[in-house]
Amino acid sequence: MAKSSAKQAGAMSMIVLGDVAKLLRLPPGVRDEDIKKGGKKIRVISITDLPEAGYIGKVPDTITLTKEKFDSIKKYKILPNDVLMSIQGTVGRVGVVPEKVSGDWIANISLLAIRFTENKAENAVALLEYLKSGHGRKILSKLEKGSTIRRINVKEFAATRIPELTADIKRQSQSLFAKELKVLEKINELYGSMDQLRLDYLA
């Protein structure tokens, strides 16, 4: 199956990611003096917020910034249907922002936002599933650099060739996206059953 998928991906028409999407990464520089009690609230997405399946859910980490700092980073705000990928430390984890978000979100410096210029919702899911596939992981592995802290160069990633996002690719990715959610639901049910067994032990 893996070899068949690799051959299938290799035979597809390819496009350059940077030609169809904008890549955004928050610059470093949130200092103590930028944080203000009662200031502008913004939620900060980290790698731990990227789910195994489905859309990114609640983002618990909130900071309050001075108006000046908020205004300086608001162009990096995360929007619905952005694809987020970790490019530093544990690289290659991915997630998709849902259609509706509560409040303002930004991604921390270890995450890269990928924003398609058109057909955002469908293209986001298609890219998500490609990056999680065996072929996508192989591509990301080749881009990794660093012996102590692994990282992916944004410019090199932007030049990466991905399968053309055809109607068939989008259909397959939507189907896989839904199947992954069902599998995750079953896994969570099993974890719940295991936890109940532990609670019942010696009760």
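This text leads through the nonpolar cores and then some salt bridges of the structure. The model is predicted, so that local features need pLDDT of at least 70 and side-chain atom pairs count only at pLDDT 80 or more, while totals for chains, interfaces and linings use all residues. Residues are numbered from 1 along each chain as its sequence is written, and side-chain values use heavy atoms, with hydrogens and water left out.

A nonpolar core is a set of buried Ala, Val, Leu, Ile, Met, Phe, Trp, Tyr and Cys residues joined through side-chain atoms within 4.5 Å, where buried means under 20% relative accessible area, exposed over 50% and partly exposed in between (1.4 Å probe, protein chains only). The largest such core has 27 residues, and F157 is among those with the most contacts inside it. Helix 4 (120-132) is one of the elements that each supply at least two residues, and its share of seven residues is the largest; helices (H or I, at least four residues) and strands (E, at least two) are DSSP runs, numbered from the N terminus. A second, separate core of twelve residues includes I45 and V97.

The whole structure holds ten salt bridges, each a side-chain nitrogen of Lys or Arg within 4 Å of a carboxyl oxygen of Asp or Glu. In one of them, K145 pairs with E156, their closest N and O atoms being 2.8 Å apart; because K145 lies in strand 9 and E156 in helix 6, the pair ties together parts that are eleven residues apart in sequence. K132 bridges to E129, and E129 is buried at 5% relative accessibility, whereas K132 is partly exposed at 22%.
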